[in-house]
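Here are a few exercises to work through with the model open beside you. Try each task before you read its solution.

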Amino acid sequence: TTALIADGRGRILGRGGAGPSNHTREPGGRERLIGAVNGSIGGAAAMAGLNPARLSFASAHLALTGEPEEKIAIVNEIVRAKHLVVGHDAPGALAGALAGATGIIVLAGTGSVACGEALVPTAGDRTISRRFVRVGGHGYLFSDEGSAFGIAREALRHALRNEDAGEPDDLKPLLLGYFGNANLKAIAQDCYAGDLTRERLASFASVLGRHAARHAGAAREILDQAAGELATLAVVTARRLEVEAGPLKISYGGGVFRNRRLLKSFEREVTKTLADAVISPPRFGPDIGALLLAYRGVGISATPAMLERLTETSVKS
């Protein structure tokens, strides 16, 4: 969890970090959230030379993993702000990646989700409103297409199918070696028993990615399939946004996109359907994205000069 404290002109005064803050319904979740928020804000306040106990913000936006509804009451108890929003992490990532501009971001780490924003005229008058769309992100049982977990799950599934059929499989030794199990079924059983966490299984995606760089076969097919699934998230988001004209900005984030083969395949699949898409790496991270949303919440626009100050002071902090 990262917190930024900035002034009204886009100068970051302090940055602080703390532990995870997701899934407050799990045992100890409420305490982790409180520790993450207080710890990260306290660290940022210390860097800025401010007293955490006396902090009151003009605007605060918390972009948190997991669903925000269960966190709102907790955050309201510990953060003082005239304008306070507790939201999902995807809008923060979108705002940071596109520097506050409209468009789409696809996120693929342990899980996956896409979201997008478009400006639309309000019927009957001359005002402009923002249309926001979120696609995916329904958890590993029902969603997370193209995620690290999805890639690792497909690798284990592929190896198990080949073992059942009595056919050789080049992923089997990789899986057994990485997880230290005697057989593939033991890996699956460890997952069901909770001994092998979702995050631990997802970490195999990087092993598969390195294998795909050296060997043709199943590993490359799995990565290409994941890229296609992530591209579908972007396409569905674009269709729901109903953007009628002009280039559509699309960015991406999360560890899955560090794989060059997957990223190139993702770009290729997106542009097959969205020919005018402009795909680019994120300009800022989700921490600055949340800060931009805090500014927006009180009517402060992200001007080019402000974005430059954010860039300069982000490096210093």
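Buried means under 20% relative accessible area, exposed means over 50%, and partly exposed is in between. Keep in mind that this is a predicted model.

**Exercise 1.** Find the salt bridge between R157 and E154, and decide for each partner: buried or partly exposed?

*Solution.* Start with the location: both residues sit in helix α4 (residues 148–165), 3 residues apart, about one turn of the helix. Now apply the cut-offs. E154 has a relative accessible area of 12%, so it is buried. R157 comes out at 38%, so it counts as partly exposed.

**Exercise 2.** Work out which parts of the chain the R261–D224 salt bridge ties together.

*Solution.* First, check the pair: the side chains meet at 3.0 Å, N to O. Last, accessibility: R261 is partly exposed at 36%, and D224 is partly exposed at 26%.

**Exercise 3.** Describe how helices α8 and α9 pack.

*Solution.* Take the geometry to begin with: α8 (residues 204–214) and α9 (residues 218–241) pack at about 120°, with axes 8 Å apart. The crossing of α8 past α9 is left-handed. Then look at who touches: α8 brings L208, G209, H211, A212, A213 and R214, while α9 brings A219, R220, I222 and L223. Sorted by type, these contact residues are 6 nonpolar, 2 polar and 2 charged.

Technical notes. Residues are numbered from 1 along each chain as its sequence is written. This is a predicted model: local features need pLDDT of at least 70, side-chain atom pairs count only at pLDDT 80 or more; totals for chains, interfaces and linings use all residues. Side-chain values use heavy atoms; hydrogens and water are left out. Axes are lines fitted to C-alpha atoms, for helices over the stretch in contact, and angles run from 0 to 180 degrees between N-to-C directions. Helices (H or I, at least four residues) and strands (E, at least two) are DSSP runs, numbered from the N terminus. A crossing is left-handed if the near helix is turned anticlockwise from the far one by less than a right angle, and right-handed if clockwise. Contact means heavy atoms within 4.5 Å. Ala, Val, Leu, Ile, Met, Phe, Trp, Tyr, Cys and Pro count as nonpolar, Asp, Glu, Lys and Arg as charged, and the others, Gly among them, as polar. Buried means under 20% relative accessible area, exposed over 50%, partly exposed in between (1.4 Å probe, protein chains only). A salt bridge is a side-chain nitrogen of Lys or Arg within 4 Å of a carboxyl oxygen of Asp or Glu.
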